Each structure stands twice: as structure tokens, then as C-alpha cells.
Amino acid sequence: MTSFAEAIQATTDPLPQGGRFDSRKDPVMWKGVPFFSWAAKKIFGTRNQRQVNRYLDKSALVNEGEEAVRLLTDAQLRAKTSEFRDRITAGEAGYDLIPEIFAVAREAMDRAVGIRNIFNPESGFDPDTLPDDARRLYDETKATMDATEPAAPEGDFLGAEDAVPSWLFVDIPNRIYEAVRELHPQSRPPFRARPFDVQLIGGIVLSEGRIAEMKTGEGKTIVGPLACYLACCEGRQVHVVTVNDYLVQRDRDWTFPFFRALGLTVGAIHPMHMQAPAKKKDMYDCDVVYGTTAEFGFDYLRDNMKLRADDQVQRRREFAIVDEVDSILIDEARTPLIISGPAHSVRPRYELADGLARHLVEKQKEWTEADDKVQSCMVDISGLEGDLRNARDKSVVPGIKADLEKAREALPGLEAARDRYTQFFEVELDKKSASLTHEGVTEAQRKAGIGSFYVGDNIDLPHLLEQSLRAHVVYVRDRDYVVAPDEGGEAGVVIVDQNTGRKMVGRQWSDGLHQAVEAKEGVQIKDETQTMATITIQNFFKMYDRLAGMTGTADTEATEFHEIYRLDVVSIPTNVPIERHDRNDFVYLNERDKWEAIVDEIARYHEIGRPVLVGTTSVDRSEMLSRMLTKKHRVPHEVLNAKHHEREADIVANAGQLGAIMIATNMAGRGTDIKLGRLDREQQIEHWKKNNICPKEARPEMSDEEIIGLCWRHLAARELGMNRGEAQALDAEEARRLCLLKWAADYTYLEAKAESRSDEELMEELDHSGKFLLHRLAFHDSIEAMGGLHIVGTERHESRRIDNQLRGRAGRQGDNGSSRFFLSLEDDLMKMFAGKKTLYVLSKLGMKEGDSIEHPMLSRSVENAQRKVEERNFTIRKNILEYDEPMEHQRQAFYAIRQPVLENLGIKDRIFGYIEDSVQDEAERFLAPEYRAKCISEWIHENLGFLIEPDRLRRKERDDLHRLIRSDYLEDGSAVLANTCNEYLSDDIDREEWDVEGFIEWARTNSGAELEAEWIRSADRREVVQKIE
């Protein structure tokens, strides 16, 4: 990638539409599709590189105007917004004004979000570090702020939740700004926020209606407001879409000083249980509105259900900037937005279905246990085959062969033992489905004692029962949902978002699944709902005049972005090179070994002082790991999941400190900026003492060399089993050498060769293994210098992008960091998709319980599994969009009629038009030749319960009609009777097992026939049918 120092090249790409760019009308070729030949790419660079060079030209013009803008006072900077709006109204193109507009935006960001923090009481800024003249101005400005009352959240401060403190809006003299820039020349929080050139480029990309792909940690929160400012100058309202409500409020509050400095207002919308309708309406009156996809989409649907136009809140959809665009437009797009209402007048039998599901799960327990043994044996056989193939010591081969032969002999017996039990239902985890077998239906009918499930009022039970089975065997508490207070404050089932790990209060699964889970958990069962209004996320965002987005991981979905949203992806280079070390995955045979290894890894990193972020896939896994960590190592840590999301800000704030451990669900995967802490010697010594690295006699006033020497002797005693006296007699270098040899034997593949290696070589081998850190024991002034944040992934997510998001929490803005994922063959993803191919890989490698392996073949197998899921999810999204297309046309047509009515526009003309159409339709209906036959057909269907086509009734006399109706009625009744008889009195089961009582009740209710049980058991089925007829 071209470096910024040599970057600026003149562009020859003409801008369409007189300088304005509309990505919908001017699509460019997306990433991954070649445009020039290989030779042309070598000469001219890739299309992405050429685009970045064009943007660099723009950013250079912004840089040229920076000095002039710095001379403006705060009031003059605010006035620039009105000036830009007037110029654009007069005919200038907003795109052509980017150099001026972005120069003003950059200065406002640096001043308002960065430097102004010196007056924030919580920032800890020391004013004594300022030069004398700036210090005097600081005191005067501080006095003015103290004397100024907080501003009410209205007018220029519209969008604020509470009164705005004066330090956020009182003007600051330019001399203070310059003094702070001299003190803090680098743009880093909390006292500087000057956008880098790459962030300017990101803002330009968004302004063009494209997706800016920026690596995690590149400051996307700063990029969005830059594009917002240009759009606001053009007179557009901007909706900034983020992934959860926490980030909505955080980002709104963080960017408020920037928008306030430019004379703009910014608001945040939240769900109904968090924000009153009147408050939300005020938020929508702001220039920029932050919110989640769900809330913007539901507000649109709710507005189109309102009975008065004055009650509607979302009137403009002009420009949407989607943060984490891949999460919102790809991951969340599998689920349409639905507003529901009551579905049934009679409540379905959820409790009966739940009881039957529990019965079947219990009955199938023996089959499941036997099947687990079969699967385990197959894994053992694959592992032994690998051991045999890779055995170096020939003396162990006979033993392996014997074990392999024994396992092969055992497999048929295990399969036969499994087949002795009955399988009542089948589970497909990858499809999240459970279906009854024939034996399952028979057993459920017997247990219920209400006759066949496929006739009469029982016809709903197969569906209810399969939903209850899904609730019991597919959906897991504290992974897919939690039991917690709902929006009404009562204990209920609250869905957990699989992409963000957050509770989705107020959401329900459809089709009776939510009620099945509620019955399983024994909480109050809510009424089932039906759809009142719905829209797909894809079609909602297509309604915006302009759409743009930003993310760190869009490349793999570039084709989908272009096909569905007409959005092109531009990859933007990082401001500084990424220093994070992403280590190879460790793969284990079973989950137990994997979790033990994870706990040990966390403890090793905590011991040296490196902070650790552990990413888990569910609430129950995060809590299980917490218990294991406490039990085995007694290490202090925090847990961040859907149960503790209220403490999120506090937990995240301390996650980058010395020895901090945060176990989190996917909540910590996006938008979480973990600040790495500073260190002093006293802190480190105290931490080492707590972790048995440093002896108690070490004191901060000692030299570094003395303390490190004490540590090496102490470690020699601890690691080598020496007594204290022996260890103290060792020279520090001697103790270090002995420890290195021990660790090399334990954690590397050197083994006997370790003695011949130098200390530096041993340390390099330990570095390479990534399993150990104590060999680099030293004092550091910051967590970053120590190695930064370490990421531990406990399982691969369905999507590679989610894994990359977790990794991206470390190594931000060129910081040090590292990551490693731990997998097992029992992980859900591996069980669903890795299958026989993975067992084949293991048979090649050789693997036993407790072993971990790193191998490219296995990594490819995992990636292929993830790719399968991504392909499946893409198909789901495409199907949802295709199914929604007819509804989208109807929705738009209906809402286009409804809205003018709410606004009292053209109602008279529309009413008379409808009257004319109705009269015409009714005249045609009554005068049609087939009208009489249709009326008779409808009466027969309503009163006799069967259907005769109108064509058969035309031109028939009264007597002919009677004969036809009587004949069809008897024929139809005989067919129903025969089917019902087959259900209750099936030839496939013994007569003793017939549901005779259920059949007698059905015959009495539907035909008025009185039958005796003994006669039915002894009679022929044909005789039974004839008697009822």
C-alpha cells in the first residue's frame, strides 16, 4: 500500500453529477472482481489502491487548510456551518467543498472531543503543566465555566438526556488549544482527537455512499461524524446506526461536543421501555440521530400503524451511516423486523406439549447415551489409526494395534446395543430443528390419551410437540436465552442475541417456540402473537436516499453488499502497522481438555501481569469458565454477559489494567475500546508477589537488577523443587538458565536438545510456542510495552468476521497484543460441519485425550466449516429478501395510500373514487351468470363442511341439486370416516393398543353413533364403518 508520506497523486477520475457522488447511480466494481490484467495491476496498482490515492489527494487539500482553520475562534468555527449551508443552497456542490468542510470538522473534533477534556473534572488533567500565559487563561476560563449554569436539554442542546455541564459548551481561548497541542503532540485520548488522514479518507468514502473497511482500533467512531457534518451542511438528516443500545448512548454522548461545536444537534433513540414517545420525537428533531437497526426499523413500522400524523416520529430517511455494517446488514439481516399482535382466540395446549416432550426426552435418554458411545468409539478408532501411522517407537506398535483391534471389535456391539433402544425423535443442530419419528408419534399419542394427533381438534399437537422438543433439546438456557425480568418486570424468557451476546428485551420467537421455551422454564406463558407489520432489514435500508457503512471486516461479504445494497467496499490502510500476534489455534479431542487448557493459559498470562479478554459464545459458558478459573487458580476476574450488561462500562474501563481478566460473551466483540493502563514498579512488584514470582523481601527502592535476580532465584525454587537455601546460593544467571531449561522441556519441542542451546535461543523457542511468558520477566512502564492485551477465543463462531472482531480488541492503533483460539471436536460448529473429514485428519496426525494440535489441514477444516455456515446464512438472507419482495410492493403501495389520509390530503377525491370502483365491482358480481351457483357453493361449504365447485351447480333444477349434494356429502363423509378409522384403529399395531375410547368419543361427537368397545375390538373395520354410515 502506498505510504502517506509519498502519497499525494493527482486524480484523473471524474466525479459524477457535477461533483456529487451517488453510489446507486454510479456503481463501481466491487473487490474481488478483476478489472485490469495482472500486468496492468503491477504498473497502475489495484483498483482499491488507485481509489485510496484519489482520496489522499483530497486529504492533502484538507491538510493545506488546517493552519488557517486553527486561527478561528470557537464562535467563528460554529458560524462556518451556516456559511457552508448558504453556499450549497446557492448552487455549490457539497462534495467540492470537502477540503474546507473536513478541515473545519477536523479542528472541531480535536478541540471539542479532545482538548476540551482538560476541563472535564474526571480527566485528571494537571493545569500546572501549561505555560504561564496559558495557565492564566485556563484559570479564567475555568472560573467562567464554574459561574455558568448547566444548559437545559433544548434548543441548541436538543438531544441531551439531562442538563449539559458548562465545561462542555463555554468557549475556550485559542491559546489554550495551542498550549495543549504542544504538551500532547500525538493525537491520543483523552486530550487529543485530531482525525488522522486515514480517518479523513473514511469520512470521504462514507460521503460517497460506500463502505469504508477500516481495521479495528482505527477510530471509526471519529469517522462517522465527519461524513455526518458534510451531509448536515447539505441539509440532510443523518441516522447513525450502531449495534446495541449501550453504544448508541455512548457514541452519542462522545460525539455531542463535536456537533455542539459546529452548531448542530445530536440525539439518541431507544426502545419504548427505555424512552417515552415524546422524548423520542424530540430526538428525531435533531440533525443527527443515533440508534440501533431494530429501533429505526420498528419506529418506521409503528409510524405506519399510528392513527394520527402528529404521533409519527420518523419522517425523514435521507442518509444512513451504519457502524459495524457487516453485523447489521449481514448478520442481523437473517431476521426480519416484526411487530406482532394476539394470534389465537383459544389458547393452544402448550403445557400438554411440554409434558409430552419431557416424556419423550426421558424415554430416549438410553438411546442417546448409547449413540454417544458409538460416536466416541469412532473418534477413538481414528485417533489410534493416526497413532499407528505416526509411531516412531516401534515397541509401542503392538499395544496400539491391540487397542485398535479392540475398538474395531467393540464398534458393532455398541451399534447393536444402540439399536436395542427406540429413537423417538431426530435432532439437526445445524438447522435448529427436532422432528418426531413414527415411534415418537405413537408413543406421544399413547401418553396423551386423547386419540390420533391428525384428526379433529388434535391436529395442532404435532406442531406444538415438535416446538416443545426444540425447546428442550436444541435451545439452551444461558446460551440462546436467559430467564430474567422482561419489559414488565416479571420473570420471563428473554432472547439473547447470538451476534452481540445482549438481551433482546421485548422480542419473541414466533410460531409457538417462545411459548414452548416458557413452558419448559416454568414461567408465565405469554399469548402467542401474529404479524401485524413487518419489513426486512434489507428493504428498510433500501428506502434511504443514501446509505453508507464502516466496519473492520467487510471484505468477505463484498459481493453481497454490492448485489443487495449496491454498496462498494473500499479498504483503507491502517494509520500505523498492526503489531498484534495472532497465534495458531489449539485443537483438542474433547471439551474438558480444551477448557482446562484455557484456564491454564489465562492463569499464565495473568501471572506475568498481561490483561486477558476471554471471548465465550454464551452466558452459561462464560459462567462455567468463571467457576473453573476460581476453583483451579483463584484468580480475580470479571464476567461480562447479558446478565451483567448494566456494569459493562465499569468492567470495560478496567479491562486493560495490570493482570485484569474479563470473561465476556460477544458483547465485547464490537465497539469496545479497551484502554491499556500505565505501570509503575511498585504495582508490578506487588503483583509478582501475589502470584509467587517475587519473594517478599523485594522492595521498590531496590534496583531493577536486584529485584529480577531475586525473582529468578525464587522461581528456581518454585519450578525446580529446590529448597530455599539452594536457590539463594545460585547466581541470578545460573537460576535463570535452569528455569529456561525446565520451561523449554515443558513448553517446546526441544526436549533433549535444550542443553545445547543458548539462553537467547531458548527464549526465542519459548516465544515461538506462545504458551509461556515468565522467561521475559522485566519491568515495563505500560501494559502495551509488556505485550498488550491477550485475546483468548474459547470457540470458533459461525462467522469468521465475529472471530476477527474479537481479535481486533487487541493491537489497536499499533499497540502490541496477541490472540489464540482454543477448539475441540465437541464444539457445536465442529459437530455440525467438520464431521468425517476432521476425523480423517486426526487419523493422519495421531491424537489422544489431553493432546493439542496445530496443523494447517485442521485449520482449513475449521475454515471450511465456517464457510459452510456463512453460505447457509447467505441463502437464508437471500430467501428472506425474495419472500419479502411481493410484500414490499404491497407495503409501499398501502403506506403510500395511508399516509396522505393521515395528513388529510386528497381524502374527498379518494372516497368518491372508491365508491365508483365499489359500485362497478358489485354490479358486475350480481349480474354475472355464475352468481347463483357461487352462492349455493358457499352455503354448502359453510353449512355442510365440504366443497362443490360452482360449475357443477350451474343450470341444475332443484331435484338435481338435492341428489348431487346428497351424493357428494355421503362420498366425502365416507372418506373422512375411513381416514379417521385408520388413525384410531390402525392395522400397524395390535388391537389391544387401539385407541378405542377416543374413536367412540369421535363417532358420538361427529356422527351421533353409539358404539361399544368390545364390539369394535372384535369386529372387522369395514363393519365398523358401515355401522356408523
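The axes of helix 4 (residues 74-89) and helix 5 (residues 98-114) cross at roughly 150 degrees and come within 11 Å. This is a predicted model, in which local features need pLDDT of at least 70 and side-chain atom pairs count only at pLDDT 80 or more, while totals for chains, interfaces and linings use all residues. Residues are numbered from 1 along each chain as its sequence is written, and side-chain values use heavy atoms, with hydrogens and water left out. The chain's secondary structure comes to 39 helices and 22 strands; helices (H or I, at least four residues) and strands (E, at least two) are DSSP runs, numbered from the N terminus.

**The chain as a whole**

- Of the chain's 1029 residues, 51% count as buried; buried means under 20% relative accessible area, exposed means over 50%, and partly exposed is in between (1.4 Å probe, protein chains only).
- Take the contacts in the chain with a separation of 6 or more: 71% of them are accounted for by residues 24 or more positions apart. Contact here means heavy atoms within 4.5 Å.

**Helix 4 with helix 5**

- Helix 4 and helix 5 count as roughly antiparallel to each other. For these labels, angles under 35 degrees are roughly parallel, over 145 roughly antiparallel, 65 to 115 roughly perpendicular and the rest oblique.
- The axes are lines fitted to C-alpha atoms, for helices over the stretch in contact, and the angles run from 0 to 180 degrees between N-to-C directions.
- The crossing of helix 4 and helix 5 is left-handed; that label applies if the near helix is turned anticlockwise from the far one by less than a right angle, and right-handed applies if it is turned clockwise.
- Helix 4 brings Asp74, Leu77, Lys80, Phe84 and Arg87 to the contact, and helix 5 brings Glu100, Ile101, Val104, Glu107, Ala108 and Arg111.
- By class, the contact of helix 4 with helix 5 has six charged, five nonpolar and no polar residues. Ala, Val, Leu, Ile, Met, Phe, Trp, Tyr, Cys and Pro count as nonpolar, Asp, Glu, Lys and Arg as charged, and the others, Gly among them, as polar.

**Helix 14 with helix 18**

- Helix 14 (residues 350-363) and helix 18 (residues 461-473) have axes that come within 8 Å and cross at roughly 55 degrees, so the two are oblique to each other.
- The crossing of helix 14 and helix 18 is right-handed.
- On the helix 14 side, the residues in contact include Tyr350, Leu352 and Ala353; on the helix 18 side they include Leu461, Leu464 and Leu465.
- The class tally for helix 14 with helix 18 is twelve nonpolar, two polar and two charged residues.

**Cores and buried spots**

- The largest nonpolar core has 82 residues, and those with the most contacts inside it are Phe102, Tyr229, Val238, Phe258 and Val288. A nonpolar core is a set of buried Ala, Val, Leu, Ile, Met, Phe, Trp, Tyr and Cys residues joined through side-chain atoms within 4.5 Å.
- Leaving aside neighbours within four places in sequence, Phe258 is in contact with Ala105, Ala108, Met109, Ala112, Val113, Pro225 and Tyr229.
- A second, separate core has 48 residues, among them Ala597, Ile608, Val635 and Ile661.
- Helix 21 (residues 558-565) has six of its eight residues buried, so it is largely enclosed by the rest of the structure. The buried ones are Ala558, Glu560, Phe561, His562, Ile564 and Tyr565.
- Ser824 sits in strand 21 (residues 816-824) and counts as buried, at 0% relative accessibility. Not counting residues up to four places away in sequence, Ser824 touches Tyr588, Asn590, Glu591, Lys594 and Met830.
- Gln445, in helix 17 (residues 438-448), also counts as buried, at 19% relative accessibility.

- Most residues other than glycine have a negative phi, and most peptide bonds are trans.
- The peptide bond from Pro189 to Pro190 is cis, with omega near 5 degrees; Pro190 lies in the loop between helix 7 (174-183) and helix 8 (197-207).
- Arg566, which follows helix 21, has a positive phi near 55 degrees.
- Arg634 has a positive phi near 50 degrees, lies in the loop between helix 23 (619-633) and strand 18 (638-640), and is exposed, with a relative accessible area of 70%.
- Asn692 has a positive phi of about 60 degrees and is found in the loop between helix 25 (681-690) and helix 26 (704-720). With a relative accessible area of 37%, Asn692 is partly exposed.
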